[in-house]
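Let's take a walk through this protein together, starting with the overall layout and then stopping at a few spots along the way. Have the sequence and the 3D view open as you read.

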Amino acid sequence: MTEKHLLITGRPGSGKTELLVAFANMHPETTLFYSAECTEEMLKNEKGLNENVAVADSSTFKFEQANNYTTICVDYLELLPEEILEKVKVLIKQNNLQIIV
């Protein structure tokens with residue numbers, strides 16, 4: 001099983017979220033977008049995230065739902081709670097997901 005990870009780094013305001021949104025918009029039906037910084041409303045109304053992209057935050061992320069996606073975009077990895085990060089790692093290995101952070 002091959003793990004696929006892409007780490008996007010940059011200074012504040014350098015367009016990291018916009019890059020993740022652009023990728024998610026290319027694959028709206030198969031991408032789960034996790035954001036610790038923006039609400040779903042902000043992502044869709046202000047950042048231009050496609051309406052068909054599933055969005056989760058710490059309170060709404062359900063690990064079972066991740067099985068329905070081939071890609072998980074994580075916006076602001078530093079704010080991801082450790083217990084969710086560990087469970088996401090397990091999902092990636094079990095389901096051959098790619099993760100973009």
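**A walk through the fold**

The protein has 4 helices and 5 strands. Follow the chain from the N terminus and the elements come in the order β-α-β-α-β-α-β-α-β. Keep in mind that this is a predicted model. The chain has 101 residues, and 40% of them are buried. Now for the contacts between residues at least 6 apart in sequence: 68% of these join residues that are at least 24 apart.

Let's begin with helix α1, which spans residues 16-26. Its buried residues are Thr17, Leu20, Val21, Phe23 and Ala24. Look down the axis of α1 and these buried residues fall within an arc of 165°, so they line one face of the helix.

Helix α1 also turns up at the largest pocket, where it gives the most to the lining, with 4 residues. That pocket has a volume of about 450 Å³. Its lining counts 21 residues, and those nearest the pocket's centre are Gly10, Lys16, Asp75, Tyr76 and Glu78. Which elements give two or more residues to this lining? They are α1 and β4, the strand at 71-75.

Next, the inside of the protein. In soluble globular proteins, nonpolar side chains tend to be buried together. Here the largest nonpolar core has 15 residues, and the members that touch the most others are Leu32, Tyr34, Phe61, Ala66, Leu80 and Ile84. Strands β2 (31-35), β3 and β4 each supply at least two residues of this core, and so does helix α4 (82-95). Helix α4 gives the most, with 5 residues.

Setting aside neighbours within four places in sequence, Leu32 is in contact with Ala54, Val55, Ala56, Phe61, Gln65, Ala66, Tyr69, Thr71, Ile72 and Cys73. There is also another core, apart from the largest one, with 12 residues that include Ile8, Leu49, Val55 and Cys73.

Tyr69, one of the residues in contact with Leu32, sits in the loop between α3 (63-66) and β4. Is Tyr69 buried or exposed? Its relative accessibility is 16%, so Tyr69 counts as buried, the cut-off being under 20%. Tyr69 and Pro28 are 41 residues apart along the chain, and their C-alpha atoms are separated by 9.8 Å.

Take Glu37, in the loop between β2 and α2. With a relative accessibility of 45%, Glu37 counts as partly exposed, because that label covers values between the 20% and 50% cut-offs. Leaving out residues up to four places away in sequence, Glu37 touches Thr17, Asp75 and Tyr76. Glu37 and Asp57 are 20 residues apart along the chain, with 8.7 Å between their C-alpha atoms.

Finally, find Gly48 in the loop between α2 (40-45) and β3 (54-56). Gly48 is partly exposed too, at a relative accessible area of 43%. What does Gly48 touch, not counting residues up to four places away in sequence? Its contacts are Val21, Asn25 and Leu43.

Definitions and conventions:
Residues numbered from 1 in each chain as written. Predicted model: local features only at pLDDT ≥ 70, side-chain atom pairs only at ≥ 80, totals over all residues. Heavy atoms only, no water. Buried < 20%, exposed > 50% of the residue type's maximum accessible area, 1.4 Å probe, protein only. Arc of directions from axis to C-beta. 1 Å grid on protein atoms, 1.4 Å probe; cavity = no way out; pocket = protein on both sides within 12 Å on 5 of 7 lines; lining within 4 Å. Points joined across faces, edges and corners; volume = space filled by probe spheres on them. Contact = heavy atoms within 4.5 Å. Core = buried A, V, L, I, M, F, W, Y, C linked by side-chain atoms within 4.5 Å.
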